[in-house]
Amino acid sequence: VERMIKHALQDKMSLVLVVNSIDRLVVELKLPPTDAYHKLRHCIEEINETLEKLYDSVATEVDNRVYFSPLKGNVLFASSLFRMMFTLESYAALYGEIYSAALEPKQFAQCLWGDLYFNQETGKFQKSAPDADQPRSFVQFVL
């Protein structure tokens, strides 16, 4: 796999990461949603570390390096079991359609990853949890 990615980087091809079988985190491994989020985040970080080494090996300039991030739209989450695949932006658009949310999909998508929390009292996203047991927005809205 690394050789294939290295070749793609040499040819300056765009890369997309598909995180498949996300259902297994909950169904088989029985991880709580917060732990499942941390597992997903850790996997993406590990892949980016490998990508960093490969960029170094093909002498790619730092300014030309692109890493995987759900916020950039180059990470797709998938489940063969549930026959679904989505980016944060496509999920946000679908969520808005289903729940008639007054959130603009692109802005909502940017709030679905990282250390952001939804404050139900204010109806806004914030960087600190409003309550001690408040889940991150990805956990609250996606998982």
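## Salt bridges and a buried asparagine

By the rule used here, this predicted model has 7 salt bridges (a side-chain nitrogen of Lys or Arg within 4 Å of a carboxyl oxygen of Asp or Glu). In this predicted model, local features need pLDDT of at least 70 and side-chain atom pairs count only at pLDDT 80 or more, while totals for chains, interfaces and linings use all residues. Residues are numbered from 1 along each chain as its sequence is written, and side-chain values use heavy atoms, leaving out hydrogens and water.

Q: How many residues apart in helix α3 are glutamate 45 and arginine 41?
A: Let's start with the contact: their side chains meet in a salt bridge at 3.7 Å, N to O. Helices are DSSP runs of H or I, at least four residues, numbered from the N terminus. Glutamate 45 and arginine 41 are separated by about one helical turn, because their spacing in helix α3 is 4 residues.

Q: Which residue forms a salt bridge with arginine 41, the closest N and O atoms being 3.0 Å apart?
A: This pair links distant parts of the chain, 74 residues apart. Arginine 41 is in helix α3, and its partner is in the loop between α5 (105-110) and β4 (117-119); a strand, such as β4, is a DSSP run of E, at least two residues. That partner is aspartate 115.

Q: Is asparagine 48 buried or exposed?
A: Asparagine 48 is also found in helix α3. Buried means under 20% relative accessible area, exposed over 50%, and partly exposed in between (1.4 Å probe, protein chains only). Since its relative accessibility is 15%, asparagine 48 counts as buried.
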